[in-house]
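Please find below my notes on the model under review. They are arranged as numbered points.

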Amino acid sequence: MRIMRRIALGILIGVFLVSLVAELVAPGLYAVQFRDAPNAPGSREHLLGTDELGRDLLARLLAGTQVSLLLAPAAAFLATLIAALVGGVAGYLGGWWERLCLGAVDLFLSLPWLFLLLTARAMLPLDVSAWPSVLITFVLLGCLGWAASARIVCAGARALRYSDYILLARANGCSETRIALRHVLPNLKPILLAQFLISIPVFVLAEANLGALGLGVSEPFPSWGGMLRGLENYSATLANPWKVAPLALLLVVTSCFQMIFPQEGLT
Amino acid sequence: MKRVNATLLILAPLISLWAMAQAPAGGELRFCLHAEPKTLNPLLVEDEASETIRYLTGGVLIRLNRRTHVLEPEVATSWKVSKDGRKITFSLRQGVSYSDGTVFDSEDVAYTIRALMDPELHSPTGDSFRSGEGSPQVHVIDSAQVSIEFPAPVAGLERLFDQVAILSSRSRQKELAVLGPFYVGEYKPGNYLLLKRNPHYWKRDARGQRLPYLDSVRLDIQQNRDIEALRFQRQEIQLINGLDAEYFERLSAQMPGAVQDIGPSLDTEQMWFNQVTSAHIPAYKKAWFASQEFRLAIAEGINRDDLCRIVFGGHATPAVGPVSPANRFWFNASLKPHPYNLYGTLRRLQQAGFRLDGETLRDREGHPVEFSILTNAGNKSRERMAAMIQQDLAQIGIRVNVMTLDFPSLIERMTRTFDYEACLLGLVNVDLDPSAQMNIWLSSASNHQWNPEQKSPATAWEAEIDHLMHTQASTDDSSKRKAAFDRVQQIVWEQAPFIYLVHKNVLTAISPAVQNATPVALRPQTYWNVESLTLAAERRASR
């Protein structure tokens, strides 16, 4: 298992470094339109071919990787943090706190997530250049995508509240802060890790949905989500199979994320 | 004698069988609607799916021949427009019946016009007829003659009747009783509509055979264009009316004889800058957008040939102005598309006080030239055009941000909040006559997108356009109308309030099994002559 973990970590670091190096070697290549070669297949000039505007797919894939590899985990981290706070407080303190927090969670879960995202994103400035649009999109995903995780964290924290070792700690005179930080939080780690890992691909796909509705990362900046939109046309994908590359990379990266964390801790 | 009679008795059925085999008849034509029809009432049509049903089922007084662009009599045998353009008198065809057998006469025309102009009904078709205060007066002269008098002249009055399907005033089936070649036989919402041959349809071919030849038309409701193309390949449907360039190329590789590029359509794709004075845009940007030189520079900084070649796979034509070359009479042939010339663009901008500072264009006060283009999300060709314009203008130091929004939000910004800087959209033209564009060109109009609903024209050239549009609408003299509208096109070219980009070509797919199909640029491109369409015998046999 340890070897697999190392391989996965190596792949993740490799992918990220390659995307960084590519941007240093040829900055802004992802936006250049080679108008004489739209929809070109793989060649020496364009290893993965070009998109419908003649932009190098490899350059776009690597630039999109930077965005997705940095920001989707960051958004997942933000969402998990909020979930830990809300779910942890609700589960551990119980009573009115639990009702209040779970009420907020239920409210968030009852709202259609995509429409909530759309409304929130449409209220924020739209006429911004590419990088701010990227940041806005992922911060929004992090801020709105915590509710389901919070409910699971709450259930975990509630179970811990009545556990023997917490009762023992309390009987020994441990302060509530110490119990929360030294005993509850470490025991919630597997749940939080699982929620964090689940959130990454969800946020990548949520960004793709936002992009399809015009509220994602703006042109000409690429993102995995934006590139996955190219797959919605089944026949075009069959005709240009190199367009599957972003999907393949997404699968590899999310699988690697699953593998780099100790599985025994997740059970 | 008995032998002769016997021979005749044997030959007669054989001859009639042979004649039946020669006569084109039978079969079910299938194609797709891309959305659920919103209504089956022909007076309330405003979407494409409902328009298709109206075209296939509705009987009209006058029909515009989509190929020759000439008006032809249908259930009216002739018509006469008064000199002042306010009154039209129709002579009606005798012996015509609705699909349910109800007899057609002038009372039905009167009933339809009254319903059409009823303010309670809110008929989009009726809106085209509203010329002034008050309702039109319908006079039934006799069972075969009817006249309609409007409170004010209606420009190009007779061609408006191409959109008016005549309802029956007496039929119990209400709007489902039709005068057209087919009637709605079956409707499964979300699934399909089956139009059956109207047994009482009045039209016959040159040999006297009753039209239409087809038994039925099945309209499958299918939003997914990919599935539509696959079904066409499998011969499950026989027509695709408006193909995307991408699907056209794919089908052309697999079924080269089945697809056709008919040439430029009437539709336009254009961008414009927000010139609404109350819009929340910095004053220096408003000054750019109001500058003729700035707008022209942008018009010349866009490579239209590349847009046509890359976004539409070569199946589009660089646009000159609001009228497509497909509109042969009204197109101002003396105008040419704005030439793509980066050097000329920069020189023009420098003359207008802009300067290139490194890789950034700045105005007189030093503001970097940057604006956002708004377009509707999900429309791939517009998103791609915006991305290409972004790169074109980046070469002259202009930074463009592309914003895509869902259509309702876009319309909200475009028409109510005016919270946008530039917009890229298209306009679907269904009418050849410039009077249909009054709601765009008059400065007081709500669709005068760059600065709508002006109390008085904001600029001298808008005042001139107002005058010219009124002039062309108030005369019957086609040469005067043409001269006036040519000048409108010239002003639009010089002032570039709309920066016209391309006219998409009409791309169609017609199965080899369909006979007599002659696709044209006007809607409905493939089945405009549906009553003459037939299916090959082997196709009918294989069903």
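**Notes on the predicted model**

1. In the hairpin formed by strand 4 and strand 5 of chain B, 5 residues lie between the strands, and Gly85(B) there adopts a positive phi near 75°. Strands (E, at least two residues) and helices (H or I, at least four) are DSSP runs, numbered from the N terminus.

2. This is a predicted model, in which local features need pLDDT of at least 70, side-chain atom pairs count only at pLDDT 80 or more, and totals for chains, interfaces and linings use all residues. Residues are numbered from 1 along each chain as its sequence is written, while chains are lettered from A and ligands numbered from 1 in the order in which they are written.

3. Ser78(B) has Ser91(B), in strand 5, as its bridge partner.

4. For chain B, the mean pLDDT (the predictor's confidence in each residue, from 0 to 100) is 89, and 94% of the residues reach 70 or more. The model as a whole scores ipTM 0.74 and pTM 0.79.

5. Chain A contains 12 helices and 0 strands. Its C-alpha trace spans about 75 × 45 × 35 Å along the principal axes.

6. Of the 267 residues in chain A, 39% are buried, that is, with 20 or more other C-beta atoms within 10 Å of their own, C-beta atoms being placed from the backbone. Among contacts in chain A (C-beta atoms within 7 Å) with a separation of 6 or more, 69% join residues 24 or more positions apart.

Terms used. Two strands pair if DSSP finds at least two bridges between them. A residue is buried if 20 or more other C-beta atoms lie within 10 Å of its own, exposed if 12 or fewer, and partly exposed in between; C-beta atoms are placed from the backbone. Two residues are in contact if their C-beta atoms, placed from the backbone, lie within 7 Å.
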